[in-house]
Each structure stands twice: as structure tokens, then as C-alpha cells.
Amino acid sequence: MRKRVLIISFIGILVFVAGIIGIIVSDNSHKIPYYNSSTNHIILSDKINKLSGNQQKEEMFTLARNALKKKTDKNQSIDWSNFDDDSLYVEKLKRPHVYLLGYTIQSRKPLILNIRYNLVVKIGSTTAVPKVIKYKS
């Protein structure tokens with residue numbers, strides 16, 4: 001009886017440890033590439049895609065949109081529901097945690113316009129809203 005309890009406890013501990021490892025591995029699967037690097041890398045462009053999947057790509061678009069909204073928040077007349085994501089260029093710059101985002105949005109009405117914004121952002125963590133260092137439209 002004692003041996004059986006010991007075996008069941010051991011299996012329970014193994015399952016618990018495997019679960020923790022699984023959470024850590026799955027959490028790292030959508031981090032931004034080259035986050036701590038101090039060299040230039042093109043991460044996303046028309047010809048290059050070093051993101052691990054669609055989830056990372058969606059996160060990068062969300063990051064770019066949030067950075068743009070944060071920078072242009074002073075102008076309350078912008079109706080963001082009128083704009084759709086068009087394209088995104090992401091380059092990791094030489095300083096750690098600093099990225100260049102070339103973000104293009106397209107308006108739906110009254111005119112169809114493509115507007116490109118270049119943002120240099122420093123990301124404190126991959127889930128935080130980025131701090132915009134430079135901004136150019």
C-alpha cells in the first residue's frame with residue numbers, strides 16, 4: 001500500500017513539472033525575435049518573415065497599432081475604426097529592445113488612402129505598450 005502511494009505521488013509530481021515546463025515553453029513561442037540582440041536584423045518585410053507564425057504576426061500588428069495610437073492620442077479626431085492594417089515592416093535595431101516599425105494603414109472612407117508611419121519603439125517587455133522614440137508619417 002505504501003509503495004502504491006509513493007508511485008502515485010511520484011507520477012503526480014512528474015505531471016505537475018511537465019505542465020510547468022509546457023507553460024514556459026508555450027509562453028516563449030510568441031516572444032519578439034532578437035529581443036536582447038545588439039545587431040540589426042530584418043524580422044518582417046515583403047520578402048522576409050522570421051516570425052514563428054500568425055500569432056506573432058498579429059501581435060506585431062497590434063504592437064504597431066498601439067504604438068501609433070499612443071503617439072497620435074493627442075489628436076482625438078482620429079476614427080481608428082475607419083482604418084485597416086495594410087502592411088508591416090519590422091527591423092530590430094542595434095540597441096537592445098529597440099525596433100523600427102514601418103506600419104501602413106488603409107482608410108476605408110471617404111477616400112481610400114494608404115498612410116505609412118515609421119516608428120522607432122523601445123519595448124520594455126513583449127506584452128507592454130511600446131515607448132515611441134521616433135515617429136514620422
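Select His41 to begin: leaving aside neighbours within four places in sequence, His41 is in contact with Tyr34, Val90, Glu91 and Lys92, where contact means heavy atoms within 4.5 Å. The model on screen is predicted, so local features need pLDDT of at least 70, side-chain atom pairs count only at pLDDT 80 or more, and totals for chains, interfaces and linings use all residues. Residues are numbered from 1 along each chain as its sequence is written, and side-chain values use heavy atoms, with hydrogens and water left out.

**Stop 1**

Helices (H or I, at least four residues) and strands (E, at least two) are DSSP runs, numbered from the N terminus. Show the side chain of Thr39: it makes a polar contact with the side chain of His41 at 2.7 Å. A polar contact is a pair of N or O atoms within 3.5 Å; within protein, one must be able to donate a hydrogen and the other to accept it, and residues adjacent in sequence count only if both atoms are side-chain atoms.

Now select Ser37, in the loop between α1 and β1 (41–44). The side chain of Ser37 also makes a polar contact with that of His41, at 3.4 Å. Is Ser37 buried or exposed? Ser37 is buried, with a relative accessible area of 16%. Buried means under 20% relative accessible area, exposed over 50%, and partly exposed in between (1.4 Å probe, protein chains only). Not counting residues up to four places away in sequence, Ser37 touches Lys92, Leu93, Lys94, Arg95 and Pro96.

**Stop 2: the whole chain**

Zoom out and colour by secondary structure. The chain has 2 helices and 5 strands, and from the N terminus on the elements run α-β-α-β-β-β-β. Of the 137 residues, 29% count as buried. Among contacts with a separation of 6 or more, residues 24 or more positions apart account for 50%. The chain exposes about 9,400 Å², and carbon and sulfur atoms supply 59% of that area. Accessible areas come from the Shrake-Rupley method with a 1.4 Å probe; for residues, only the protein chains shown count as cover.

**Stop 3: a patch that includes Leu14**

Select Ile7, Phe10, Ile11, Leu14 and Val15. Together these residues form a nonpolar patch on the surface, with about 510 Å² of accessible area. Patches are made of residues with over 30% relative accessible area and no salt bridge: like charges are joined within 9 Å, nonpolar side chains (Val, Leu, Ile, Met, Phe, Trp, Tyr) within 5 Å. Leu14 belongs to helix α1 (residues 2–28) and is partly exposed, at 46% relative accessible area.

**Stop 4: Ala64**

Move to Ala64 in helix α2. Ala64 is buried, with a relative accessible area of 0%. Which residues is Ala64 in contact with, leaving aside its neighbours within four places in sequence? They are Leu88, Leu101, Tyr103 and Leu119. Ala64 and Leu101 are 37 residues apart in sequence, and their C-alpha atoms are 6.7 Å apart in space.

**Stop 5: the salt bridges**

The structure holds 2 salt bridges. A salt bridge is a side-chain nitrogen of Lys or Arg within 4 Å of a carboxyl oxygen of Asp or Glu.

For one of them, select Asp85 and Arg65, whose closest N and O atoms are 3.4 Å apart. Asp85 lies in strand β2 and Arg65 in helix α2 (residues 54–71), so the pair ties together parts that are 20 residues apart in sequence. Arg65 is buried at 15% relative accessible area, whereas Asp85 is partly exposed at 37%.

Next select Asp84 and Arg108, whose side chains meet in a salt bridge (3.2 Å, N to O). This pair links distant parts of the chain, 24 residues apart: Asp84 is in strand β2 and Arg108 in the loop between β3 and β4. Asp84 is partly exposed at 34%, and Arg108 is partly exposed at 45%.

**Stop 6**

Select β3 together with strand β4 (residues 114–122). The two strands run antiparallel and are joined by 9 bridges; two strands pair if DSSP finds at least two bridges between them. A hairpin of 6 residues connects β3 to β4. Pick Tyr99, whose bridge partner in β4 is Val121.

Finish at His97, in the loop between β2 (83–92) and β3 (98–107). Most residues other than glycine have a negative phi. His97 is not a glycine, yet its phi is positive, about 70 degrees.
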